[in-house]
Amino acid sequence: MKYHASVTKFDARHFWQLPIWKLEEDLHCATGVVPAGFPSDGGSVPFLLRWLVNPTGHVFYPAFKHDHDLKEQKLPWAMAAKNFRVDLQVMTTMHPIRVAGVYYGVRLWGAISGKK
């Protein structure tokens, strides 16, 4: 199955901010479909951690689904994070330990920001 889609890039406001991307076609993920036209910043990786996790690398397309789960499906943060982990496992070639690290980073950010 094809786990990628064409995107259009919009410029970021500042160098530390990620650009906004917009899907030009439906994105089929392991946990569902993100419709064409949906905007996302991809992986919302803090500026100082981008050397560790590339926001437009492995996490890019699963992050679209995570954002869609939160914004459109109105799923709780924990459920969206679990879907994100499944998408990372199925859609990418990331090592399972790295998948777990990214997943727990997303869960930690949810807890810190009060999104649980």
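The structure holds five aromatic pairs. For a pair, the rings of Phe, Tyr or Trp (its six-membered ring) have centres within 6.5 Å; planes under 30 degrees apart are stacked, over 60 edge-to-face, and the rest tilted.

Select Trp21 and Phe60. Their rings make an edge-to-face pair, 5.3 Å centre to centre with 80° between the planes. Trp21 belongs to strand β2 (residues 20-23) and Phe60 to helix α1, so this pair ties together parts 39 residues apart in sequence. Helices (H or I, at least four residues) and strands (E, at least two) are DSSP runs, numbered from the N terminus.

Before moving on, note what you are viewing. This is a predicted model, in which local features need pLDDT of at least 70, side-chain atom pairs count only at pLDDT 80 or more, and totals for chains, interfaces and linings use all residues. Residues are numbered from 1 along each chain as its sequence is written, and side-chain values use heavy atoms, with hydrogens and water left out.

Are Trp21 and Phe60 buried or exposed? Both are buried. Buried means under 20% relative accessible area, exposed means over 50%, and partly exposed lies in between (1.4 Å probe, protein chains only). Phe60 has 6% relative accessibility, so it counts as buried.

Trp21, Phe60, Tyr61 and Phe64 form one aromatic cluster.

**Helix α1**

Select residues 60-71, which are α1. This helix has 12 residues and reaches 17 Å from its first C-alpha to its last, close to the 16 Å expected at 1.5 Å a residue. The expected span is 1.5 Å times one less than the number of residues. Why is α1 largely enclosed by the rest of the structure? Because 10 of its 12 residues are buried. Among them are Pro62, Lys65 and His68.

Val33 and His68 are 35 residues apart in sequence, and their C-alpha atoms are 9.1 Å apart in space. Val33 has 41% relative accessibility, so it counts as partly exposed.

**The open sheet**

Next, colour the strands. An open sheet of three strands runs in the order β1-β2-β5, with antiparallel pairing. The edge strands are β1 (7-10) and β5 (39-40), each pairing on one side only. Two strands pair if DSSP finds at least two bridges between them. Two bridges join β2 to β5. Find Lys22: it stands opposite Pro39 in β5.

Now pick Phe10 in β1. Phe10 is partly exposed, at 39% relative accessible area.

**The largest pocket**

Last stop. A pocket is an open set of points on a 1 Å grid over the protein atoms alone, where a 1.4 Å probe fits, with protein on both sides within 12 Å along at least five of seven lines; lining residues have an atom within 4 Å of a point. About 730 Å³ of space lies in the largest one.

Select Ser44, Val45, Pro46, Gly105 and Val106. Of the 25 lining residues, these lie nearest the pocket's centre. Which helix gives the most to the lining? It is α3, with eight residues.

Definitions and conventions
Points joined across faces, edges and corners; volume = space filled by probe spheres on them.
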